[in-house]
Amino acid sequence: MTFEKKILLEKPEEQERSSVSIMLRKVFQAIKLRYKTQFTLIMGLVVLVIILEILTKIPRLSDPFYSYKIGASYASNLPPSWDFWLGTDTGSHDIFVMILHGTRNSIYFGIGCALLSTTLAILLGVFGPFVGGKADTLSSFITNIFMVFPQLPFIFFIASLMKTRSWVTVMIIIGSFSWPWAARSIRSQVLTLRERNFIKVSKMSALGNMRIAFSEVVPNVLTYILLVFCISFGIGIITEAGISMLGLGDQGQNFITLGFVMWYHEPYNMSPHYYNIWISPGIVLVLIYLVFFVIQSSFINTFNPRTRENK
Amino acid sequence: MVEEIIRIENLTKRYISGIIKQKETYGALDVSFDIKRGEILSLVGESGSGKSTVANMILRLLKPTMGNIILLGKNIKEYKIKKYYENVQGIFQDPYSSYNFFYKVDHVLNQAISHSLSWVDIAEKERIISNTLEIVGLRGTETLGRFPHQLSGGQLQRILLARCLLFKPRLLIADEPTSMVDACARAEILNLLKKLKDKSGISVLFITHDIGQAQYISDRVIVMKKGEIVERGPTNDVFLNPKNDYTQNLLASVPSIYRKWA
Amino acid sequence: MAELVLKVEDIKGYYKGSFGTVHAVDGVTFDIYKGDILAIAGESGCGKSSLAELLTGSPMPMLHYESGQVTVNEIPIYIPKPEDKSKLGKWRKEQEKLSNQTRKDVLCKIIGYVPQSSQDSLNPVKKIRKFILDVMKQRVGTKPKKQIKRSKEDIKYDTLDGQKVRINFKEEVLTRVREHLEKLGLSGDVLGRYPHELSGGMKQRIVIGISTLWNPLILIADEPTSALDVTTQKILIETFMHLREMGIVETIVYISHDIPTLAQICNKCIVMYAGKLVEFNSMDNIIHSPLHPYSQGLIHSIASFNPDGSAETDLNSIPGRPPNLRDPPEGCRFYDRCNQRMDICKEEYPPFFSPNGNDSSRVACWLYKK
């Protein structure tokens, strides 16, 4: 019996803890290396959120529903000026402040939505086929059901049924309807990965199914998962804006989104006299979506091994 | 005394296809053999003969329909997965797909070492890894810290062998380890398996379709056809005086540099 | 002296793409005479298949002709690249024209080409019959029809399988094809089947049959047996031998990494290493007394079945790996792995030497400098 084998017998099954953190660190490093472009873009987004968060904490900008005054009279329906960058509406609210809050909240909403739908997609797309057997059948059945469901009408239906809608419920509704396509495509990738030899090798290192799925399979579909995250983010923001604009979103005044800003100023819509009020939230919405389009396009480079940098 | 490492009894794998009109096919049918300590046994056969099915069943990657596998006198169903893989390890045909392209090649070695020696400190682990790599004829500086596509097939296959050795297995299952490796690196792997057998007393189940390699490396040979064993015996008996018609036909069609088919 | 069929002069072909320039075939010169069965041996990545593609005159998209010349039956198939960069555009157009001409006149009729893993090249949704008629349309320009108008200029004649046929007539063509396939040991009813109904060996024989329909002067077969079982492989090799006996093809270029297989049918052999030809010799000499250190290493690393006894000598492998062909070394490309290297090897690529005194064996190694 060799030296190593001896220690093995002396110290029975008690290990791991440290290896999980090592593994996490490794995965993070690998992500940083492989997704340089996306990493920079996403970091940019984080910085943007931080800036918005700081701005909305400044007292002058902290309340979107504050009625401003010039001297003694209310400052209503003003065109853009140095004091009010995007003008004011009838209620003397500063449009710029509203959009600042709306943008921040819309981004939060999008992140929440994307997290929810990506998690669902991973759960049903990776773990389903990887565990196999009945879990696989069930996951693919659920995916198929959700796939053929008419989503938008259903979202409207549920939203209009509820008397009080908080933004969290709206997020859950949208998030839980935007994952099936993602789960489908992740699943098909996992099915091919499952038959590769490196899965067999990991099994022969006596790793558990869940650990193999997490440390071996997920990194390989990571490009896809990131892509799904970005697309769901865009979908979440746009769908929420659409729903809120129809007046089916959160109507409390503590969580205003870009869609809410549009809905709130509905009487001004299309009036050329008040262009600053209805056009500015639209432009911001388009800009956010454009950023995510750029991120999505940058994935092409990562997907295509020919254009990937040699390392 | 010659110790018996593993005994396989009536191993059968049945596949059923079709829902209404069911069709049965056998991946392996009634396969029985044993492997002794420090012996290289070759499973020879054409594609579809069930060699790899048998290997996967022994490696517990595939569930047998019937039959028993007895490792060191104990049925493998009684082993814990972890304990089992300390005794039996395998390498596969395609070295490239045995690596997760997401990680560097060290990943497989770390995986193995965190399984068997997780409490040993990092310096000690590194020492063990470089020692093991030396056994398979590699230097750590040349291979560690690289991605799989930067190494040749032969090197990758030898790193996988090193990974197996970290477990100190009794039985090594080599499923066509040379068929996707460059011709001039094949001999290296074959010689390595021979060396392991002689020096460490590891038994090897060598699976191949290449008769020449089987003749070079093995002590005993089993010829398979469509999931069944057609002939078995010591290498020279089987290859020089084949009894079975199928074996005779097979050996007659092997191209060789020592003879010409006129 | 036998008739010269194929003359290859210092041919160079590079892969070009975003990955850089890979010098896959870097100056290869040899001749093939009528009746030769030439083996091209070497490890994967040494440029065997790229060379074969260059010989056919229409290499795959990423592979670009660089310089040199290939002459098939006295027809040159490349126009040398001009030195002047401004003339490159014009040259490219002319070369394109010549390649199209070559594809029509030379391929199939003078050169038959069986590409790598060709059993997968049959269209899975078409019956073999339909596939062959499609090939016919590509080669001849008109699709064979059941009936054509009886105006004279519509009828075209061609020689299939050594006999004159009216190429527009479907029935006539298919009868010829059927007879041709029967010569290769296939029954005529394979024409009505789909590829998935056939075994690997049958598919491979059909592809060979299609490539030899016009009885080409020379057949280039790229790894035709490597995906097959030994028993099927033997049948296929016998098919190649039959091709010669029946006078369908006289000259064959057989590319494989498997030297025992090459030893069965070939009489001459080329050994390639890292895009260069290192040795040209008769097959027997390659096996029993190879000249180049690389050929020696290659032969000594093969575990071949010995039917007479197990007196197997110890196998040796060649350490290291081939050089990166993106930036090949100046001197001998085998320098890093060679066990008999000298100082001169690193500086200068060796020319061909003929240690046996005649032209039948040539080796690119400084060891044989007199």
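In the predicted model, helix H5 of chain C passes helix H6 of chain C in a right-handed crossing. H5(C) spans residues 200–211 and H6(C) spans residues 230–245, and the two axes lie 10 Å apart at an angle of about 20 degrees. At that angle, H5(C) is roughly parallel to H6(C), since angles under 35 degrees count as roughly parallel. On the side of H5(C), the contact is made by C:Gly200, C:Gly201, C:Gln204, C:Arg205 and C:Ile208. The residues of H6(C) that take part are C:Thr232, C:Ile235, C:Leu236 and C:Thr239. By class, this contact of H5(C) with H6(C) consists of three nonpolar residues, five polar residues and one charged residue.

Chain C as a whole contains ten helices and 13 strands. The radius of gyration of chain C is 22 Å, close to the 21 Å given by the globule rule for 370 residues, so chain C is as compact as a globular protein of that length. Along the principal axes, the C-alpha atoms of chain C fill a box of roughly 75 × 65 × 45 Å. Of the 370 residues in chain C, 45% are buried. Among the contacts in chain C that join residues at least 6 apart in sequence, 61% are between residues at least 24 apart.

Chain C is also in contact with chain B, with 32 residues of chain B meeting 32 residues of chain C. On the chain B side, the elements that contribute two or more residues are helices H7 (183–200), H8 (211–217), H9 (235–240) and H10 (245–252). H7(B) provides the largest share of that side, eight residues. The residues of chain B that touch chain C comprise 15 nonpolar, eleven polar and six charged.

Several local features of chain B can be described individually. Helix H1 of chain B covers residues 51–58, and eight of its eight residues are buried, so H1(B) is largely enclosed by the rest of the structure. The buried residues of H1(B) are B:Lys51, B:Ser52, B:Thr53, B:Val54, B:Ala55, B:Asn56, B:Met57 and B:Ile58. H1(B) is followed by B:Arg60, which has a positive phi near 60 degrees.

Most residues other than glycine have a negative phi. B:Asn10 is not a glycine, yet its phi is positive, at about 45 degrees. B:Asn10 belongs to strand E1 of chain B, which runs over residues 4–17. B:Asn10 has 13 C-beta neighbours inside 10 Å and therefore counts as partly exposed. B:Glu176, likewise not a glycine, has a positive phi of about 45 degrees. B:Glu176 is placed in the loop between strand E7 (171–175) and H7 of chain B. B:Glu176 counts as buried because it has 21 C-beta neighbours inside 10 Å, where the threshold for a buried residue is 20 or more.

Another loop of chain B, between strand E8 (203–208) and H8, holds B:Asp210. B:Asp210 counts as buried because 21 C-beta neighbours lie inside 10 Å. Although B:Asp210 and B:Val44 are 166 residues apart along the chain, their C-alpha atoms are separated by 7.5 Å.

The secondary structure of chain A comes to 13 helices and two strands. Buried residues account for 37% of the 311 residues in chain A. Of the contacts in chain A with a separation of 6 or more, 69% are between residues 24 or more positions apart.

One helix pair in chain A is formed by H4 (residues 95–131) and H8 (residues 180–194), whose axes come within 8 Å and cross at roughly 30 degrees. H4(A) and H8(A) are therefore roughly parallel to each other, and their crossing is right-handed. The residues of H4(A) in this contact are A:Ser117, A:Leu120, A:Ala121, A:Ile122, A:Leu124, A:Gly125, A:Val126, A:Gly128, A:Pro129 and A:Phe130. H8(A) meets them with A:Ala182, A:Ala183, A:Ile186, A:Arg187, A:Val190, A:Leu191 and A:Arg194. The contact of H4(A) with H8(A) is made up of twelve nonpolar, three polar and two charged residues.

How values were computed. Residues are numbered from 1 along each chain as its sequence is written. Chains are lettered from A and ligands numbered from 1 in the order in which they are written. This is a predicted model: local features need pLDDT of at least 70, side-chain atom pairs count only at pLDDT 80 or more; totals for chains, interfaces and linings use all residues. Two residues are in contact if their C-beta atoms, placed from the backbone, lie within 7 Å. Helices (H or I, at least four residues) and strands (E, at least two) are DSSP runs, numbered from the N terminus. Ala, Val, Leu, Ile, Met, Phe, Trp, Tyr, Cys and Pro count as nonpolar, Asp, Glu, Lys and Arg as charged, and the others, Gly among them, as polar. Axes are lines fitted to C-alpha atoms, for helices over the stretch in contact, and angles run from 0 to 180 degrees between N-to-C directions. Angles under 35 degrees count as roughly parallel, over 145 as roughly antiparallel, 65 to 115 as roughly perpendicular and the rest as oblique. A crossing is left-handed if the near helix is turned anticlockwise from the far one by less than a right angle, and right-handed if clockwise. The radius of gyration is taken over C-alpha atoms; the globule rule is 2.2 Å times the number of residues to the power 0.38. A residue is buried if 20 or more other C-beta atoms lie within 10 Å of its own, exposed if 12 or fewer, and partly exposed in between; C-beta atoms are placed from the backbone.
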